[in-house]
Amino acid sequence: MHLSELSHPNQLHGLSTAELEAMARQIREKHLEVVATSGGHLGPGLGVVELTLALYQTLDLDHDRVVWDVGHQAYPHKLVTGRYKDFHTLRQQGGVAGYLKRSESRFDHFGAGHASTSISAALGMALARDRRGEDFKCVAVIGDGALTGGMALEAINHAGHLPRTKLLVVLNDNDMSISPPVGALSTHLNRMRLSKPVQFLSGSAEEAVKHLPFLHGELPTELKTLKESMKRLAVPKVGAVFEELGFTYVGPIDGHDIPEMVRTFQAAHRCEGPVLVHVATTKGKGYPYAEADQVGYHAQSAFDLATGKAYPSSKPKPPSWSKVFGQTLVKICEQDSRVVGITAAMATGTGLDLLEKALPHQYFDVGIAEQHAVTMAAGMACEGLRPVVAIYSTFLQRAYDQLIHDVGIQKLPVTFVLDRAGIVGADGPTHQGQYDISYLRAVPNFTVMAPKDEAELQRMLVTSIAHDGPCAIRIPRGEGEGVPLMDEGWQPLEIGRGELLTDGDDVLIVAYGAMVAPAMATAGLLQEKGLRAAVVNARFLRPLDEALLLPLARRIGRVVTMEEGALPGGFGAAVVESFNDHDLPVPVLRLGIPDVLVDHASPDQSKERLGLTPSQMADRILERFGPVFRATVPTALAV
C-alpha cells in the first residue's frame with residue numbers, strides 16, 4: 001500500500017512489519033519534502049513515525065481516542081488520517097494546520113499548541129467514557145520535555161489515584177523538547193537502561209500464589225510488602241516513581257522497533273487502570289542533519305534537503321528582535337551581576353541562548369514550567385536579584401495567577417520580555433500573541449511597554465531593570481526595523497512618557513509598539529490626500545501618557561488607535577477609558593485584531609485579512625471620518 005492510498009488509519013490493521021516499515025519510509029520522505037519546501041516542525045515528527053504506526057495498528061480510531069501533546073509531533077498522524085493529498089499546504093493560509101485541530105479532522109481528538117496538556121485531556125475523556133458506560137481506549141502521547149510541566153504531573157497524580165480507570169500514557173522520550181530538557185525527572189530518564197519491570201510479580205505469579213490452598217485467594221500483607229520491595233529493586237528508578245504513583249510502568253522500549261512496540265501496546269491495552277509505556281526515540285530520526293542538530297532542526301524555514309541548509313536570503317536582513325534583546329541583556333549582565341535571565345525551555349527562540357553561552361552562571365532554564373519560572377523570579381527579586389524572564393506572549397498566559405499574586409501584588413522588580421507578541425503567522429491561533437496587552441493591563445503595579453524599534457527596545461530593557469517594580473516589554477517576531485543600535489550607554493526612558501513623531505491637525509494616530517511604523521506609513525498615505533496626521537508613539541500602555549494624549553485629542557478632535565493585539569480590553573480600549581475618565585467626548589477609531597481567532601497564514605496575509613495594512617487603515621480612517629475631512633479639505637478628498 002502506498003501512503004497516498006491511506007484514507008483511514010484503520011487501514012494499517014493487518015499490515016506486516018515489512019509493509020509498516022515501508023510506510024514509515026514514505027512518511028519520512030513526504031514529511032521532509034513538505035517541510036523543506038514550506039517550513040514547519042521537522043525533528044519531532046520524524047522521531048515518532050514508527051511509534052505512530054505501531055500504536056495505530058493496535059487501536060480502532062473509529063472509536064478510540066488519541067491525544068498528542070503539543071501537536072507538532074503529529075505530522076505522521078496527519079499523514080495517516082487522510083490528509084496526504086493536502087499535506088503540501090501545511091501551515092499555509094487555508095491549508096493543513098501545523099497543530100492538531102478538532103475542526104480539521106475527526107481523528108484530531110484534542111487540539112493544543114502548548115505542552116503538558118495531553119494526560120489531563122485523555123484522562124477527562126476516559127472518565128467521561130466510564131461515566132457513560134462506554135468502552136473505548138484513551139491514549140495520551142507526551143514527550144519527556146512536556147513531562148516537566150506541572151500540569152502533566154498533576155494529571156499523573158490524579159490518574160494514579162483512579163485504579164479502575166483505563167488510560168494509556170505513551171512517554172516519547174527523545175531527551176529533547178525544543179531545547180534539551182532540564183530537571184530531576186529528565187535526569188532520571190536519561191539514566192534508564194533497557195530493562196523492564198518484573199511483570200510476573202504483579203501478574204501471573206501473584207495469581208498463582210493467591211490460589212495456594214492455605215491463602216484462600218488473598219495475598220497476605222507481608223507478601224504484598226515483599227512483592228513491592230522486589231519490584232522497586234527490579235524496576236528502574238523512574239519506573240518505580242510511576243509505579244508508586246499508581247501506574248503500571250513498562251519500558252523503556254525501542255521507539256523505532258515496530259514489532260516490539262505493537263506487542264507492548266497490545267499488552268498495555270489489556271492492563272487494568274493507568275499504564276505508562278516508556279518509548280525511547282531519536283528526534284529527527286532518518287535525516288542525519290536533524291539527528292545531529294536536534295535543537296536547530298526542531299523547526300525549520302524552507303531549506304535544501306541535500307545540504308540541510310536554509311536557502312540564502314536575497315538581501316541582508318536586520319537582526320531579529322530576539323537577537324537584539326539577547327545581545328543587550330548579555331552586556332547588561334556583564335555590567336551588573338544582579339541581573340539574571342530566565343527561560344522556560346525556549347533559550348534559542350527568546351535569544352537567551354546568547355546569555356547561556358556568555359554567562360552561564362547568570363542564566364536559568366526551568367523547563368516547560370512557566371508558572372514556576374515566574375514565581376522563582378519573584379523569589380530571586382526578594383533577595384536582591386534583578387531577574388529578566390523571557391517567555392513567548394502566548395506561553396506567559398499559563399502563569400497569569402503568578403503574575404498577579406507573586407509579582408504584581410508584591411511589587412517585585414521582575415522584568416518580563418514577551419517575545420512573539422502580536423501576529424506570528426503559520427503556527428495558528430494557539431501561538432498568536434494577541435492577548436498580552438489585554439491581560440497585562442489589569443495586573444497591579446505593573447509597568448507595561450512596547451518599543452517602536454530595536455533601539456528603543458534596548459532603552460526599555462535598561463528602564464525596566466532599573467525600575468523598582470515589575471515591568472513587561474512586548475516584542476514581535478522576526479526582524480527588527482534595521483535602525484542603528486548602541487553597544488552600551490543606553491539612557492533609560494521616563495516611565496509613562498510617549499513620543500510625538502509628527503504633528504498635524506486633521507487626525508491623531510496613537511500607535512503602540514510594532515504598529516508605530518505602519519502608523520507612519522498610514523500617515524504618509526493620508527498626506528497624499530491632503531490630510532495631516534499627528535502620530536504618537538505611545539511607548540507605554542501602563543501608565544498611559546495622558547499629559548501628551550489628552551491635549552492633542554482635545555485639539556484635533558478625531559483619534560485613531562493602532563495595536564497588533566486583541567481589541568477587547570486592548571490598547572485602544574485603554575485610550576477610550578482614559579478619555580471617558582476625563583470627560584473628553586472624542587470619537588475614536590480602534591484598529592487592531594477584532595474578537596476573532598487568527599488562523600495559520602503568513603503574518604502579511606493575516607494582517608491583510610484583518611485590515612491592518614497601511615493602505616487598508618488609511619481607507620478605514622477616511623471611511624470613518626470622511627464627512628468631517630470633506631468639510632475641511634474637500635478638494636483633496638474629491639480626487
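**Overall architecture and selected sites of the predicted model**

Of the 639 residues in the protein, 56% are buried (relative accessible area under 20%, with exposed meaning over 50% and partly exposed in between; 1.4 Å probe, protein chains only). The structure is a predicted model, in which local features need pLDDT of at least 70 and side-chain atom pairs count only at pLDDT 80 or more, whereas totals for chains, interfaces and linings use all residues. Residues are numbered from 1 along each chain as its sequence is written, and side-chain values use heavy atoms, with hydrogens and water left out.

The protein contains 26 helices and 19 strands, defined as DSSP runs (H or I, at least four residues, for helices; E, at least two, for strands) and numbered from the N terminus. Among contacts (heavy atoms within 4.5 Å) between residues at least 6 apart in sequence, 77% join residues at least 24 apart. The accessible surface comes to about 26,200 Å², and carbon and sulfur atoms account for 53% of this area (Shrake-Rupley method, 1.4 Å probe; for residues, only the protein chains shown count as cover).

The average pLDDT, the predictor's confidence in each residue on a scale from 0 to 100, is 86, and 88% of the residues score at least 70. Over residues 186–206 the pLDDT stays under 50, and the model has 43 contacts beyond four places in sequence for this stretch. Residues 223–235 likewise have a pLDDT below 50, with 15 contacts in the model beyond near neighbours in sequence.

The UniProt annotation "binding site", from an unreviewed entry, covers Asp 144 and Asn 174; UniProt positions are given in the numbering used here, feature names are shortened, and annotations may be inferred rather than shown by experiment. Although spread over 31 residues of sequence, the two cluster in space, the largest C-alpha distance being 6.9 Å. Asp 144 lies in the loop between strand E3 (138–143) and H6 and is buried, with a relative accessible area of 2%. Asn 174 occupies the loop between strand E4 (167–173) and helix H7 (184–190) and is also buried, at 11%. Beyond neighbours within four places in sequence, Asn 174 contacts Asp 144, Thr 281, Lys 283 and Gln 294.

In helix H6 (residues 150–159), the buried residues are Ala 152, Ala 155, Ile 156 and Ala 159. Viewed down the helix axis, these residues fall within an arc of 100 degrees and therefore line one face of H6, the arc being that of the directions from the axis to the C-beta atoms. Exposed residues Glu 154 and Asn 157 are carried on the face turned away from the buried side.
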